[in-house]
Amino acid sequence: MDLIEPPSRLGWRFCLSCGLRDIFRYDSFACRVNFAYNRFIRNNRGDDAGLTQAVIEQSFHLADNEQAQRISGQRDSFLRVIEDQLGVEIIPRGLALVIKGDASSVQRAHKVLANLSDIPRELREQDVYYAAHLVQSGEKTTLREINAEIVVTTANGKQIRPKTAGQRRYIKEIYRNDVVFGIGPAGTGKTYLAMAAAIAALKRKEVNRLILTRPAVEAGEHLGFLPGDLQDKVDPYLRPLYDALFDILGVEVYQRYREKGVIEVAPLAYMRGRTLDDSFIILDEAQNTTMAQMKMFLTRLGFGSKAVVTGDITQVDLPRGKFSGLIKIQKVLNNVNGVGFSYLTGSDVVRHPLVQRIIEAFEAHGEGSGSSERDH
């Protein structure tokens, strides 16, 4: 009879030390016994190839109860994430966390805990996932270094910081260059961080205006006739930009800036024929621009201005036969001084952890590429 172990991705665990932790996450007593026996066999027999993996223990010592609670998370949820990601078992014992597993896994788990303990603020689940990713990928940068810089503080006091190494490099490119292309999948913070950098520049009086634009292209479906005047018709396409502005500035400040003309949100077609001086300009969803539109946008840049272009080249919604300007522009401007390219990946996704796995699954199956679907 085959022994069945509950899927580790669901975070199920049976603690052989205390015997009761997470006991109610199992379907039956037989399931718990099965899982415990499986773990015993795995730890003492080794992997499928018959190679014996020596199980060791190492303790990670905590400063106080406050740090213990911050690192462990509610009901030890953060410890469960580390266990699932690194294949170890972590047992809380007073102000110590006992890590069990093979030597390399225990060492990696210890590094993750050390990385997390260095963060002075409250931790989020995404921090734990990313700390594990940093250790597994061999990245030398720590979470503390990544989170060190505050891009801007929102109206409700929330500090906007880079959350991943890729986001940190992206922000540095924005500071360093006058034109920056942020290219990456959904959920990597391309638009939000660009918006935060733009509002920070506005507050520091480095620019006088903030101009946000995106092409009015339907995402694979035909919406038909939209009621209202021209602004009402284009507003649905610009809603993600409004959401970011409301979150960072607050509705009242945004409305005041909008009335004074300090902030302008408009479709890309409105940019033709203009010269934009002393402005921070953001072009969102740039994968849905043609090469002619991309050239038109980039040549609007005036003195004292900065432009950030964001997009996901795997989600092109242009009609068949039209080529994405964001894909082609990478070759055209690759070696132009003052132009920077920042590429974000699935490891930079800051939405639900499942989003990263969905993106990786699409990439593994070659799906979701706008270029392949539209002959780009």
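Tutor: A residue is called buried when its relative accessible area is under 20%, exposed when over 50%, and partly exposed in between, with a 1.4 Å probe and only protein chains counted. This is a predicted model, where local features need pLDDT of at least 70, side-chain atom pairs count only at pLDDT 80 or more, and totals for chains, interfaces and linings use all residues. Residues are numbered from 1 along each chain as its sequence is written, and side-chain values use heavy atoms, leaving out hydrogens and water.

Student: What makes helix 3 mostly covered?

Tutor: Helix 3 spans residues 77-86, and seven of its 10 residues are buried. Those are Phe-78, Leu-79, Arg-80, Val-81, Ile-82, Glu-83 and Leu-86. Helices (H or I, at least four residues) and strands (E, at least two) are DSSP runs, numbered from the N terminus.

Student: What covers the buried residues of helix 3?

Tutor: The cover includes helix 2 (65-72), strand 2 (89-93), strand 3 (96-101), helix 4 (103-117) and helix 5 (125-137). A contact here means heavy atoms within 4.5 Å. After helix 3 comes Gly-87, with a positive phi near 70°.

Student: Why is Leu-354 called partly exposed?

Tutor: Its relative accessible area is 40%.

Student: What makes Leu-354, Ile-358 and Phe-362 a patch?

Tutor: Patch residues have over 30% relative accessible area and no salt bridge; like charges are joined within 9 Å, and nonpolar side chains (Val, Leu, Ile, Met, Phe, Trp, Tyr) within 5 Å. A salt bridge would be a side-chain nitrogen of Lys or Arg within 4 Å of a carboxyl oxygen of Asp or Glu. These three residues form a nonpolar patch on the surface, with about 270 Å² of accessible area together, by the Shrake-Rupley method with a 1.4 Å probe, where for residues only the protein chains shown count as cover. Leu-354 sits in helix 13 (residues 353-364). In an α-helix there are 3.6 residues a turn, so residues three or four places apart point the same way.

Student: How do you know that strand 7 and strand 9 pair?

Tutor: Pairing needs at least two bridges found by DSSP. Strand 7 (residues 209-214) and strand 9 (residues 279-283) have five, in the parallel sense, so they pass the cut-off of at least two. Leu-212 stands opposite Ile-282 in strand 9.

Student: Why is the sheet with the order 8-7-9-10-6-11 called open?

Tutor: Its six strands pair in parallel. Strand 8 (263-267) and strand 11 (339-343) are at the edges with a single partner strand each, so one side of each has no neighbour in the sheet.
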